[in-house]
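Please have the viewer open while I talk.

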Amino acid sequence: MFQALLDPVAGNLGLSALVACIPLLTFFIMLLGVKAKAHTSAAVALCVAILVAIIGFQMPWGLALVSATQGAAFGAFPIVYIIFMAVWFYQVTVLSGRSEDLRKFFDEVGGGDIRIQAVMIAFCFGGLLEALAGFGAPIAVTATMILALGVKPKRAALVVLLANTAPVAYGAVGTPITTAGNMVAGGDPTVAVATAQHVAAIVGYQAPLFAAIVPLLIVFILDGAKGVRDCWLPAIIIGVSFGITQWWCSNHFAYELTDVVASLVGLGAAVIFMRFWSPKGVDGVRARFDLPPIDRNAKSDLNANRTFMALAPYLIIVVVFGICKLGIASTLSATDIKIAWPIISGGAILSAAGADPGTTFNFNLLSTPGTMILVAGLLSALLYVAYTENGRYKITMGAAVKEIFVTFYKMRYSALTIILVLSLAYVMNFSGQTISIGTFLAGSGAAFAFISPVLGWVGTAVTGSDTSANALFAGLQYSAAQANPALAGVTPDLFLASNTMGGVVGKMISPQSLAIAALATQVREADIMKHVLPWSVAFLVGMCILTFLQAGVLSFVLP
């Protein structure tokens with residue numbers, strides 16, 4: 001039997017916490033200093049974490065290795081499974097050709113104003129892609145679409161990176177928040193679900209504040225003060241409708257669908273508003289962007305049927321999740337299979353508090369969002385197969401199913417990185433490394449509420465994934481909050497939310513995001529970084545202040 005200790009290194013908590021930081025420092029140094037690939041960096045950091053567990057934290061080597069295998073299993077299922085299915089779902093729309101109609105739809109609704117079109121594409125459609133795919137897909141796709149509008153490459157890169165902040169917290173069907181809940185639940189699926197739902201609800205009181213202003217900032221970046229004067233009203237309407245829906249969906253519906261619903265509502269608000277409001281200064285902004293005036297006599301071949309078919313998959317996924325999460329959730333959860341992980345379960349490993357740290361693996365094939373996305377994707381493919389519109393938009397079920405394997409191959413290294421990061425997190429948690437760091441940080445008193453988002457910011461900035469940042473730091477945030485006397489009475493879930501939101505504003509400066517934006521726009525990463533870093537830091541400071549206030553004078557507003 002092994003029980004984790006808070007101060008195994010020379011009986012000193014500070015020294016033990018410092019030693020426990022070595023695996024994380026190794027990961028960051030490998031990624032940023034050595035410039036190794038993310039999966040290589042994670043593999044090296046995992047080996048270091050195992051050595052620290054064995055040598056520094058006195059964990060038997062066999063238990064350390066098996067702990068890593070449970071983390072790998074959780075990383076593969078359900079985390080990687082969810083992400084694969086989400087990316088494949090979007091690819092079904094690409095294979096069918098319907099995604100091109102969606103681009104034309106944005107052109108028409110925007111009334112020729114590239115500022116409003118950019119908001120709808122980068123913010124609303126990008127939010128949909130983040131909710132369903134994440135991992136750079138929104139940046140790559142929307143950057144290309146915005147460049148096609150005539151936006152200069154450097155501005156296009158900044159716009160898509162800034163727009164990618166608002167939906168990241170709930171990105172990839174709520175995976176970052178699901179991961180946070182699992183990392184602190186001690187292996188109890190009921191606790192994991194309840195924690196994730198509460199964290200999602202708290203994020204619903206944070207993310208909308210950013211979402212409400214991002215469209216306005218996009219307009220400012222594109223066309224300065226003149227653009228704000230011309231387009232402030234539709235920008236505010238889109239941002240506020242998106243933010244209000246984020247709050248409602250995360251607190252009263254299914255948090256996994258928060259950004260899907262919010263993006264559709266934001267887009268719907270834009271469509272309705274633009275029917276009664278004409279863009280101002282359209283010819284002027286087109287001249288400033290060296291574009292020809294709008295040909296108001298040109299006719300589009302886009303009709304109502306094609307528009308509906310382009311939007312249909314996203315409506316289908318809302319219906320599928322609504323049924324599974326609100327209608328038959330208990331029935332699906334009843335099929336979950338709980339597996340006591342070999343060797344380390346049954347009291348072989350105990351936390352510092354003497355409890356099981358979570359050695360039970362929950363195989364929830366039917367109740368996981370990944371399977372719900374699979375069902376929605378198959379239904380969308382069937383709809384596209386049945387309705388080809390005079391031979392156009394041809395797709396076969398064979399091609400749709402084959403794309404699953406194509407997606408798997410394309411994302412193999414991203415999947416490996418996630419699996420290794422989760423292995424690292426489990427070794428650190430089970431050996432006591434995370435709780436040592438957390439207990440030491442708890443000594444910062446009330447100031448911890450201010451610095452909490454910085455951990456998520458650093459984690460996502462380095463790994464490129466809010467999910468990975470939560471896997472690394474959720475346990476640390478939770479234990480630090482619980483052990484901090486100055487935060488007595490404040491729910492530890494607030495700091496899981498702040499870690500998630502810190503990751504939101506760190507995503508825009510991650511090497512992965514910068515590389516994707518550079519590839520799509522042909523602008524050097526260093527040039528993009530120079531323009532986007534001040535925005536990221538400003539958002540981080542705002543998030544730190546907000547978390548500090550919510551832990552104190554604004555605690556009454558939290559769910």
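Helix 25 supplies the largest share of the nonpolar patch, six residues, where helices (H or I, at least four residues) are DSSP runs numbered from the N terminus. This is a predicted model, in which local features need pLDDT of at least 70 and side-chain atom pairs count only at pLDDT 80 or more, while totals for chains, interfaces and linings use all residues. Residues are numbered from 1 along each chain as its sequence is written, and side-chain values use heavy atoms, with hydrogens and water left out.

The patch consists of Phe450, Ile451, Leu533, Val537, Val541, Ile545, Phe548, Leu549 and Val553, which together have about 710 Å² of accessible area. Both helix 21 (448–463) and helix 25 contribute at least two residues each. Patch members have over 30% relative accessible area and no salt bridge, and nonpolar side chains (Val, Leu, Ile, Met, Phe, Trp, Tyr) are joined within 5 Å; a salt bridge is a side-chain nitrogen of Lys or Arg within 4 Å of a carboxyl oxygen of Asp or Glu. Areas come from the Shrake-Rupley method with a 1.4 Å probe.

Leu533 has its place in helix 25, and with a relative accessible area of 31% Leu533 is partly exposed, that is, between the buried limit of under 20% and the exposed limit of over 50%.

Turning to the second largest cavity, its lining is made by Lys154, Ala157, Leu158, Asp527, Ile528, His531 and Val532, with helix 25 giving the most, four residues. A cavity is a set of points on a 1 Å grid where a 1.4 Å probe fits but cannot get out, and lining residues have an atom within 4 Å of a point.

Key
On a 1 Å grid over the protein atoms alone, a cavity is a set of points where a 1.4 Å probe fits but cannot get out, and a pocket is an open set with protein on both sides within 12 Å along at least five of seven lines; lining residues have an atom within 4 Å of a point. Patches are made of residues with over 30% relative accessible area and no salt bridge: like charges are joined within 9 Å, nonpolar side chains (Val, Leu, Ile, Met, Phe, Trp, Tyr) within 5 Å. Buried means under 20% relative accessible area, exposed over 50%, partly exposed in between (1.4 Å probe, protein chains only).
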